[in-house]
Amino acid sequence: MLYPIQTQTRTLMDLSGIWKFKVDDNFQDDPAKPLADAYRVAVPASYNDQIPDTELRQHAGFFNYQTRFTVPNTLADDRLILRFGSVTHEAWVYVNGEEVAYHKGGFTPFEADITDQVTDGENLLTVRVSNLLDYSTLPVGNYSETTDENGGIVRHVDENFDFFNYSGIHRPVKLYSVPVAHINDITIVPVVDLANQSADVKVTVQATGDYDSVRLTIFDEEGQEVANGEGAEAQLALDQVNLWQPLNAYLYTLEVALVKDGADLDVYYEDFGVRDIKVEKGQFLINGEPFYFKGFGKHEDTYVSGRGLNQPYNVLDVGLMKMMSANSIRTSHYPYSEEMMRLCDREGIVVIDEVPAVGLLDGFGFDALNLEDFQNDKTWSVMKTHEAHEQVLRELIARDKNHACVVMWSIANEAANYAPGAYEYFKPLFDLSKELDPQQRPNTYIAIMMSTPEHDLTTDLVDVICLNRYYGWYIGTGDLAKAETDTRSELQAWQEKYPEKPIMYTEYGADTVAGFHSVYGEPFSEEFQEDYYIMNSKVFDEINNFVGEQLWNFSDFQTKFGIQRVQGNKKGIFTREREPKSVVRYLTDRWKNIPNFGYKNR
Ligand code: GCB
């Protein structure tokens, strides 16, 4: 799916701004009429932290958003497409009262051709949103209903995951025009010949309407033409290729033009990087060299904006990562904004791209880590997420397939991979990912603590073993000597059992209250956080097939309430305001001394 841009043939309008907003649990508002008694909220952003009302902030149910827009009459001959970067979690869209789009899934874009609904003068845009989650949705929520004193339904969602259920119109709403004959989609697959420093760039264009030919031109970063070709399916050769490298990005631009009678009907520009990804003999190779992941699990989570797009924070976060010599992130636990993915392409941040498959554990809780009764775990008989899971994977790959920064797909975070039925659930999803990804990237899932070498049932499916581990935190809290022994013996066991598969940590961390110090290095203190990371680093360096460390979490973030959470999760190495905790210095020193390539001596 193409990102909306303005070109010589396309006009792009941004509908961001202050919209009306109102709870409408009983479907009383008419989408064709102006909303009465509404709040005003900024779009894009989560609604939750914009209105100081406790009940509203926590509300589970249905909401209406509304704005007005006018279309310039210079666009009368074009098609008009209304596009949402994301609406969390379910949306019904009405233009002048007529439903034009429906989309379920809170983290991927959708659009609708609204040419026939738009009128001269002002148009009324109403978006009905639901933030409900249950055992059929991703993420997974525990849904229940009660009745109020008037017999009305009160809905409840208890998150089956550890982040606040922010909701609303989270990403930009754009209206763009395309000519009647237009480009719908572009797929780019660079095949690199590392020895000859060249690449064949395979391009596939999908287009609609009446045109004679498709013209393809590749420009380098100086704007010089470096290759050209013709046709909806073509292969363009690049010599002396500039590779896209971690923290050293190089982006080419592909210009696609639909041509009729010698004139350009539609033109679109897609930036892309040329790089090669392979997993081989326990190594993760980028451009033929063994890469070492240094970085973070993150969240899209900032003050006031909640989970809404916050570009200054994205820019700052990438800057802080670079300051620390970090080179990678995982989009835990859902696809991040297209704007962030474009930024990562540009800045050379390597991305493990995750679908919102989180909460696939029957009865999630912090005590779940102590469960041992794997045989009787009912997760795979009670979850009804098959359809949603296929959909999120399709939509993520359709959106992100051309991104150089994406080096691996993460098909789930912390599912019950040890429970009966796990293999049957996941095998078709791994097959689907292979079928859908034109670049054939590696696939993984992120394994929870109970998924040990002896209990995990699905490791055969993954290209890289990705582990979330909390020895010394959830297990043996505060005992770092024991944590060290446990970490070492588990990592050694993985390596022995799967010598061909690289292993990495995708989460490890300890809640740390900024400014809390202890001469005894007690849990929650900045000293403990540092000791914890020093201990883990020591063990990582002993394991040959260990190819990366992505800690939990980049910054403190908001969660649901619970006795384990004090205004959210405090495992950030930065606070929610992005102030560093002391461990940032230790990790910066460590990562400055770890090269991106060839860290492990073999
Ligand atoms: C995990 C989850 C993550 C939590 C984290 C924690 O394993 O993947 O979503 O926030 O643990 O801090 O408990």
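Where does F516 lie? F516 sits in the loop between β31 (503-507) and α8 (526-540); helices (H or I, at least four residues) and strands (E, at least two) are DSSP runs, numbered from the N terminus.

Before I continue, please note that this is a predicted model, in which local features need pLDDT of at least 70, side-chain atom pairs count only at pLDDT 80 or more, and totals for chains, interfaces and linings use all residues. Residues are numbered from 1 along each chain as its sequence is written, and side-chain values use heavy atoms, with hydrogens and water left out.

I turn now to the ligand. A polar side-chain atom of Y474 is 2.4 Å from a ligand oxygen atom, and one of N413 is 3.0 Å from a ligand oxygen atom; a polar contact is a pair of N or O atoms within 3.5 Å, and within protein, one must be able to donate a hydrogen and the other to accept it, while residues adjacent in sequence count only if both atoms are side-chain atoms.

My last topic is salt bridges. Side chains of opposite charge can pair when their charged atoms come close. The rule here asks for a side-chain nitrogen of Lys or Arg within 4 Å of a carboxyl oxygen of Asp or Glu, and the count comes to 40 salt bridges. In one of them, D266 pairs with R10, the closest N and O atoms being 2.8 Å apart. D266 belongs to strand β21 (residues 263-272) and R10 to the segment before β1 (12-14), so this pair ties together parts that are 256 residues apart in sequence. A network of salt bridges links D162, D511, R565 and K571.
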